[in-house]
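Welcome! Let's take a friendly walk through a protein model, one region at a time.

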Amino acid sequence: MIYDAIIVGGGPAGLMAANQFEKENINYLLLEKNEKCGKKLLLTGGKRCNVTNQLPIKDFIDTLTFKHKRFLYPALKKFGRDDVISFFKIRNLDFVLENNFKYFPKTEKSLSVLEALTQDLNQAHIRYHQSVKEIHKQNNHYQLITKDNTYFAKHVIIATGSNSFPSTGSSGDGLVFAKYLGINYFDFTPAETHVYSNQIKQNFKSLQGISLSKAIVKVKQLKTTYQGDLLFTHFGLSGPVIMHLAEFIDQDIRENKSSILEIPFIDLNQDKLFEVLQSQNHKLLHKVLETYTTKRIVEVLLTHLNIESKKIIEIKKKDLHLISEAFTAFEVTIDKVEDKEKSYVNKGGIDTKALDPQSMEVKNNKGLYFIGEVTDLHGPIGGYNITIALSTGYLASTDIISKLS
Ligand SMILES: Cc1cc2nc3c(=O)[nH]c(=O)nc-3n(C[C@H](O)[C@H](O)[C@H](O)COP(=O)(O)OP(=O)(O)OC[C@H]3O[C@@H](n4cnc5c(N)ncnc54)[C@H](O)[C@@H]3O)c2cc1C
């Protein structure tokens, strides 16, 4: 039998496509390598699943950091935040807006999101334990080979995800298919993850556990800054701002073996802090610093600088400069970004230049589509990635439906 469409992968992207096929009575199959769909989806948002966010399309796209971000316009225009919310609402799942930005299911359970994505699917259309090993083009249809079966379809949607958290099934298979089908792609690399620093691990144990809110962190060699909460851990640094900048220093570390971040403990620039210290030179150093940051940070940094707290007037100018620098632009050497397999998201995937942004179809392989995180489209933490998966899943499946009718 030649199916009208086969979806490879039952994550949010593949499941959204399946929902559209089901609605239109398309003769389709979804092949999933695991014993169930949405294993990664269940882990998302601390098992609460941050499905989308409140940004309008333009702002959503503006926040993305890759050059070809405008590629996403057609997908988000056709199926954006409001469509995502109403898709679930129709299936009796309401959302709550957290911090005026992230949408989570009211049930606080990612399982509810998975249930809503699967409730309308006829189980006869889903084949579990079917890890697709090969995809071949044959005249005007495709042949898909698993360990024990061969399937044929006029249209194929590849929704196999990236290489992050391979234990959930996302083991990078989409790029293997792309390779032998001659479709351009970029290797997966880590994004949205923490970073390792021997300096913190070995010399700054006392900083471990300290968190900074809305810190403006500078990547020294890139001369770019990122803002968000930051946490000193037993292995290095974590927190949203670190997760976000990790992908930008990953390349740097692989080329230069390390990367330097400048972290402010005080919300003033170096010259301003120097000025403040000088203007209050009759006061004790630690007392002045403690008006800007915590006692613990003051203690740790002064110990590190080997500078004793006394009246500022008694401290050498050279040392005041050192203090101003350490408190406003504390340099932390990063030795490693977490591996792509342990990162929440991966950068890389199918080159968007090979895809039609109006449909996600491969330009030189008609009938073949890539959707979700297997494509070179990803966003920061905050519901961007699931939105991208759902939106591209909708775009590809509705394109196939229009071709079949
Ligand atoms: C811990 C964690 C938390 C996250 N939290 C959030 C969040 O709150 N909000 C957010 O927006 N994003 C979050 N993400 C990112 C988000 O989960 C992914 O971007 C999203 O799941 C990608 O969806 P997808 O459908 O493209 O791929 P996936 O969800 O990776 O699904 C791919 C599916 O394809 C199957 N598959 C793979 N290869 C084959 C094959 N050869 N044959 C058959 N089946 C195959 C897999 O088993 C899997 O079921 C998080 C990620 C992680 C790891």
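Which element supplies the largest share of the shell around the ligand?

## Around the ligand

The answer is α2, which supplies six residues of the shell. Keep in mind as you look that this is a predicted model. In total, 40 residues surround the ligand, and the closest are G9, G11, G161, G169 and G372.

Helix α2 covers residues 39-47, and α1, α2 and α14 each give at least two residues to the shell. Sorted by class, the shell holds 16 nonpolar, 18 polar and six charged residues.

## Where two helices cross

Now find helix α1 (residues 12-23) and helix α14 (residues 384-404): their axes come within 7 Å and cross at roughly 35°. The crossing of α1 over α14 is right-handed.

On the α1 side, the residues in contact include P12, M16 and F21, and on the α14 side they include I386, L390 and Y394. Counted by class, this contact has eleven nonpolar and six polar residues, with no charged ones.

## A sheet and its helix

Next, trace the open sheet of seven strands, whose order is β16-β15-β12-β13-β14-β11-β17, with antiparallel pairing. At its edges are β16 (330-334) and β17 (336-337), each pairing on one side only.

Inside this order, β13 (residues 224-232) and β14 (residues 236-238) run antiparallel and are joined by two bridges. Here L231 stands opposite S238 in β14.

Helix α9 (residues 240-256) lies across strands of this region, among them β12 (211-219) and β15 (259-263), and runs at about 110° to β13.

Conventions
Residues are numbered from 1 along each chain as its sequence is written. This is a predicted model: local features need pLDDT of at least 70, side-chain atom pairs count only at pLDDT 80 or more; totals for chains, interfaces and linings use all residues. Axes are lines fitted to C-alpha atoms, for helices over the stretch in contact, and angles run from 0 to 180 degrees between N-to-C directions. Helices (H or I, at least four residues) and strands (E, at least two) are DSSP runs, numbered from the N terminus. A crossing is left-handed if the near helix is turned anticlockwise from the far one by less than a right angle, and right-handed if clockwise. Two residues are in contact if their C-beta atoms, placed from the backbone, lie within 7 Å. Ala, Val, Leu, Ile, Met, Phe, Trp, Tyr, Cys and Pro count as nonpolar, Asp, Glu, Lys and Arg as charged, and the others, Gly among them, as polar. A residue is near a molecule or strand if its C-beta atom, placed from the backbone, lies within 6 Å of it. Two strands pair if DSSP finds at least two bridges between them.
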